[in-house]
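Please consult the sequence and structure shown here while reading.

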Amino acid sequence: MSFLYITADVIGGPGGGPSVTFQEAKALSELGPTTVYGRQYLEWQGPDPWKYDIAACQRIAFPTDLKLAHFYGGTFTETVRRLKERRVKVCYTIAAHDLAASRKEHESMGVDFAKLYPHLCDPELWQRYIHGYRLADVIVCPSHLAANT
């Protein structure tokens with residue numbers, strides 16, 4: 001029996017996401033043998049959120065002894081779908097952000113939010129983006145605000 005931890009974030013280092021991913025991966029590793037993939041292991045840099053999913057699918061051998069896969073952020077819909085087909089339990093931490101507030105902050109700094117994050121603006125891409133969350137067995141939200149978002 002083994003475990004899998006995947007995130008499109010950097011594991012470890014300064015900041016909220018890197019700190020959370022370090023602690024989550026560490027906690028899962030205490031349960032047994034755990035394979036950990038973060039941004040630095042998925043060998044992809046760039047704004048297209050689906051590239052991490054493709055990279056994860058290419059790296060995972062989908063062993064039959066996986067008991068649980070835990071994801072943090074990003075979108076890993078195809079990876080989750082394949083794991084679920086193999087009856088692996090999936091847990092997903094979603095550190096949701098208020099899209100309107102994020103857009104306002106980006107645009108106040110001169111960043112074209114819609115161009116950089118089309119999957120957060122286009123309703124069809126948004127549904128594709130969150131489909132992996134819907135496939136998960138358990139969703140973890142780190143706060144009431146994130147859950148409401």
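How many nonpolar, polar and charged residues does the lining of the largest pocket have?

## The largest pocket

The structure is a predicted model. By class, 19 nonpolar, 11 polar and 3 charged residues make up the lining of the largest pocket. The space in this pocket amounts to about 1000 Å³. Among the 33 lining residues, G74, A95, H97, L120 and Y129 are the closest to the pocket centre.

Several helices take part in the lining. At least two residues each are supplied by α5 (99–108), α7 (118–121), α8 (123–135) and α9 (144–148). The largest share, 4 residues, comes from α8.

## Salt bridges

In the whole structure, 6 salt bridges are found. One network of salt bridges links E78, R81, R82, E85 and R86. Within this group, the side chains of E78 and R81 meet at 2.4 Å, N to O. Because E78 and R81 are 3 residues apart in helix α4, about one helical turn separates them. E78 counts as partly exposed at 24% relative accessibility, and R81 is likewise partly exposed at 33%. A salt bridge also joins E85 to R86, with an N to O distance of 3.7 Å; R86 is partly exposed, at 40% relative accessibility.

In helix α5, E107 and R103 lie 4 residues apart, about one turn of the helix. Their side chains form a salt bridge of 3.0 Å, N to O. E107 is partly exposed, with a relative accessible area of 42%, and R103 is partly exposed at 32%.

## A buried aspartate

D53 is found in helix α3 (residues 50–59). This residue is buried yet has no salt bridge. The nearest side chain of opposite charge, R128, is 6.8 Å away, beyond the 4 Å limit for a salt bridge. A polar atom of the D53 side chain does, however, lie 3.3 Å from the backbone nitrogen of T77.

## Helix ends and backbone angles

The N-terminal end of α5 is capped by D98, a side-chain oxygen of which lies 3.0 Å from the backbone nitrogen of A100. Just after α5, G110 takes a positive phi of about 85 degrees.

Most residues other than glycine have a negative phi. R87 has a phi near 65 degrees, a positive value in a residue other than glycine. The place of R87 is in the loop between α4 (77–85) and β4 (89–93). Its relative accessibility is 75%, so R87 counts as exposed.

Key: Residues are numbered from 1 along each chain as its sequence is written. This is a predicted model: local features need pLDDT of at least 70, side-chain atom pairs count only at pLDDT 80 or more; totals for chains, interfaces and linings use all residues. Side-chain values use heavy atoms; hydrogens and water are left out. On a 1 Å grid over the protein atoms alone, a cavity is a set of points where a 1.4 Å probe fits but cannot get out, and a pocket is an open set with protein on both sides within 12 Å along at least five of seven lines; lining residues have an atom within 4 Å of a point. Grid points are joined across faces, edges and corners, and a volume is the space filled by probe spheres set on the points. Ala, Val, Leu, Ile, Met, Phe, Trp, Tyr, Cys and Pro count as nonpolar, Asp, Glu, Lys and Arg as charged, and the others, Gly among them, as polar. Buried means under 20% relative accessible area, exposed over 50%, partly exposed in between (1.4 Å probe, protein chains only). Lys and Arg count as positive and Asp and Glu as negative; His and the chain ends are not counted. A polar contact is a pair of N or O atoms within 3.5 Å; within protein, one must be able to donate a hydrogen and the other to accept it, and residues adjacent in sequence count only if both atoms are side-chain atoms.
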